Amino acid sequence: MASSLNLTHAQELAAAVRFLHGRSWAPATSSNYSIREVGQSDFFISQSGVDKGSFEEKHLVPVDAHGAPINDTRRPSAETLLHCLIYRRRPEVHCVLHTHTVVNTALSYAEAERGKIVLAGFELNKALPGISTHESVVKIPVFANSQDIGTLAEEIGRYWDLHPDMQGFLLAGHGLYTWGVSVAEAKRHVEVLEFLFETLLTLRRYGFPYIPPLNAIA
Ligand SMILES: [Zn+2]
């Protein structure tokens with residue numbers, strides 16, 4: 001028996017997906033999105049193959065905590081296991097957003113070897129949970145992309161063991177995963193991280209120095 005999804009929450013997520021598509025952050029049928037109601041382990045994830053510009057609440061597929069569709073023959077996103085990982089690790093999370101943008105694709109590709117993006121000294125760091133000053137360091141890990149999502153989820157889980165405050169992660173040359181306690185919060189995290197990623201690329205493009213504090217390098 002599938003858990004139920006509040007219609008308002010489903011509509012809120014669908015509107016967010018169309019917003020992300022409108023920003024060119026979710027091209028064509030790529031990227032994926034999910035939502036979970038409070039107290040439930042099942043969740044609802046975007047159906048594979050739907051253009052995100054015309055995404056509606058009817059395109060959400062119910063799946064269990066292991067990513068298996070519940071009474072539904074439609075195919076959920078190929079990356080459902082990453083959503084399962086996030087919901088399992090963070091009980092307070094109720095929305096996961098995964099975007100494919102030019103900026104997050106380029107920056108993660110460029111930093112694949114280094115394995116992380118360091119965000120330090122930016123006012124907008126404060127828009128992330130638990131951060132109250134620009135004098136903060138946010139590290140977004142970059143994992144090698146893979147089509148073996150199960151193994152990738154295990155690798156990210158091992159990183160999470162060591163970094164329980166992770167706010168999002170990048171897959172190299174692929175895209176960003178972030179989340180929130182609500183659709184609104186998850187959407188804010190996407191906007192903030194995209195803004196900061198674009199800022200980093202802009203500094204590089206013009207050859208301006210960007211020197212994070214020493215404690216950000218490790
Ligand atoms: Zn993807």
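This is a predicted model: local features need pLDDT of at least 70, side-chain atom pairs count only at pLDDT 80 or more; totals for chains, interfaces and linings use all residues.

Visitor: In what order do the elements of the protein chain run from the N terminus on?

Guide: The protein chain has five helices and eight strands. Read from the N terminus on, these elements run α-β-β-β-α-β-α-β-β-α-β-β-α.

Visitor: How does the radius of gyration of the protein chain stand against the globule rule for 218 residues?

Guide: Along its principal axes the C-alpha trace spans about 55 × 35 × 35 Å, and buried residues make up 50% of the 218 residues. The globule rule gives 17 Å for a chain of 218 residues, and the protein chain comes close to it, so it is as compact as a globular protein of that length, with a radius of gyration of 17 Å.

Visitor: Which residues are the protein donors of the zinc ion?

Guide: Along the chain the donors follow the spacing E-x18-H-x1-H-x73-H. Their donor atoms, OE of the glutamate and NE2 of each histidine, lie 2.0 to 2.5 Å from the zinc ion, and the residues are Glu-79, His-98, His-100 and His-174.

Visitor: Is the arrangement of the four donor atoms around the zinc ion tetrahedral or irregular?

Guide: Four donors count as tetrahedral if all angles lie between 85 and 135 degrees. The angles subtended by the four donor atoms here run from 86 to 152°, which makes the arrangement irregular.

Visitor: Which strand gives the most to the lining of the largest pocket?

Guide: The largest pocket holds about 210 Å³ of space, and its lining has seven nonpolar, two polar and two charged residues. Among the lining residues are Val-137, Val-138, Lys-139 and Pro-141, together with others such as Tyr-159, His-163 and Asp-165. The element that gives the most, with four residues, is strand β6 (residues 137–143).

Visitor: Is Ser-24, which has a positive phi, buried or exposed?

Guide: Most residues other than glycine have a negative phi. Ser-24 is not a glycine, yet its phi is positive, at about 65°. The cut-off for exposed is a relative accessible area over 50%, and since Ser-24 has 52%, it is exposed.

Visitor: What is the phi of Ala-28?

Guide: Ala-28 also has its place in the loop between α1 and β1, and with a relative accessible area of 42% it is partly exposed. Although Ala-28 is not a glycine, its phi is positive, at about 50°.

Visitor: What distance separates the C-alpha atoms of Arg-23 and Tyr-109?

Guide: Arg-23 is found in the loop between α1 and β1, and at 41% relative accessibility it counts as partly exposed. Arg-23 and Tyr-109 are 86 residues apart along the chain, and their C-alpha atoms are separated by 21 Å.

Notes: Residues are numbered from 1 along each chain as its sequence is written. Side-chain values use heavy atoms; hydrogens and water are left out. Donors are N, O and S atoms within 2.8 Å of the metal (3.2 Å for Na, K and Ca); water is not among the atoms, so sites may look incomplete. Four donors count as tetrahedral if all angles lie between 85 and 135 degrees; four count as square planar and six as octahedral if opposite donors are over 155 degrees apart and all others between 65 and 115; anything else is irregular. On a 1 Å grid over the protein atoms alone, a cavity is a set of points where a 1.4 Å probe fits but cannot get out, and a pocket is an open set with protein on both sides within 12 Å along at least five of seven lines; lining residues have an atom within 4 Å of a point. Grid points are joined across faces, edges and corners, and a volume is the space filled by probe spheres set on the points. Helices (H or I, at least four residues) and strands (E, at least two) are DSSP runs, numbered from the N terminus. Ala, Val, Leu, Ile, Met, Phe, Trp, Tyr, Cys and Pro count as nonpolar, Asp, Glu, Lys and Arg as charged, and the others, Gly among them, as polar. The radius of gyration is taken over C-alpha atoms; the globule rule is 2.2 Å times the number of residues to the power 0.38. Buried means under 20% relative accessible area, exposed over 50%, partly exposed in between (1.4 Å probe, protein chains only).
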